[in-house]
Amino acid sequence: MTIILVSMSRRRAFALVYDPEVRQHLRAIESRYYALIRTTIEEQLQFEPETETRNRKPLQRPVAFEAEWELRFGPDNRFRVFYTLDHARREVQILAIGVKQGNRLRIGGEEVEL
């Protein structure tokens with residue numbers, strides 16, 4: 001018999017704060033993806049928003065909405081969440097949610113240059 005003990009440390013969660021524009025961004029995305037988007041944001045950004053992974057990366061150059069990080073997920077990695085961190089308040093500020101198709105990124109139904 002093998003017993004494996006797992007110790008879960010209590011990590012303090014970051015609060016998720018959505019920019020008011022994000023509501024408009026979501027309107028341009030099919031509603032059937034809303035649950036996936038919400039769940040992924042909560043799972044990926046509440047506890048380790050600044051840990052670089054295969055699908056979570058710091059941006060190399062600034063984008064129009066001043067995001068510092070990008071999260072990629074969904075079917076064919078089509079969804080993008082752009083965010084920044086406020087360490088003093090322990091907040092993840094979600095600035096934009098978009099859809100990437102090929103070389104084009106659309107946020108709120110409008111094409112955005114990266």
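Trainee: Which residues is Thr40 in contact with, leaving aside its neighbours within four places in sequence?

Mentor: Contact means heavy atoms within 4.5 Å. On that basis, and with neighbours within four places in sequence set aside, Thr40 is in contact with Leu45, Leu71 and Phe73. Thr40 belongs to helix H2, residues 34–45; helices (H or I, at least four residues) and strands (E, at least two) are DSSP runs, numbered from the N terminus.

Trainee: Is Thr40 buried or exposed?

Mentor: Buried means under 20% relative accessible area, exposed over 50%, and partly exposed in between, with a 1.4 Å probe and protein chains only. Thr40 counts as buried because its relative accessibility is 12%.

Trainee: What kind of model is this, and how are its values to be taken?

Mentor: This is a predicted model, in which local features need pLDDT of at least 70 and side-chain atom pairs count only at pLDDT 80 or more, while totals for chains, interfaces and linings use all residues. Residues are numbered from 1 along each chain as its sequence is written, and side-chain values use heavy atoms, with hydrogens and water left out.

Trainee: What is the mean pLDDT of the protein chain?

Mentor: pLDDT is the predictor's confidence in each residue, from 0 to 100. The mean for the protein chain is 89, and 89% of its residues reach 70 or more. Over residues 1–9, however, the pLDDT is below 50, and this stretch has zero contacts in the model beyond near neighbours in sequence. Where pLDDT is low, the predicted coordinates should not be read in detail.

Trainee: How many helices and strands does the protein chain have?

Mentor: There are two helices and seven strands, in the order β-α-α-β-β-β-β-β-β from the N terminus on.

Trainee: Which residues touch the most other members of the largest nonpolar core?

Mentor: A nonpolar core is a set of buried Ala, Val, Leu, Ile, Met, Phe, Trp, Tyr and Cys residues joined through side-chain atoms within 4.5 Å. The largest has 18 residues, and those touching the most other members are Ile37, Leu45, Val81, Tyr83, Ile94 and Ile97. Two or more residues of this core come from each of H2, E3, E4 and strand E5 (91–101). Another core, of seven residues, lies apart from it and includes Val63, Phe82, Leu105 and Ile107.

Trainee: How many aromatic pairs does a search of the whole structure find?

Mentor: Rings of Phe, Tyr and Trp (its six-membered ring) pair if their centres lie within 6.5 Å; planes under 30 degrees apart count as stacked, over 60 as edge-to-face and the rest as tilted. The search finds four such pairs. Trp69 and Tyr83 are stacked, because their ring centres are 6.2 Å apart and their planes are at 20°. Trp69 lies in strand E3 (residues 69–73) and Tyr83 in strand E4 (residues 79–86), so the pair ties together parts that are 14 residues apart in sequence. Both partners count as buried, Trp69 at 10% relative accessibility and Tyr83 at 0%. Separately, Tyr33, Phe73 and Phe79 form one aromatic cluster.

Trainee: Where does the charged end of Arg90 sit?

Mentor: A charge sits over a ring if NZ of Lys or CZ of Arg is within 6 Å of the ring centre and within 35 degrees of the ring normal. The charged end of Arg90 sits over the ring of Phe14, 4.1 Å from its centre.
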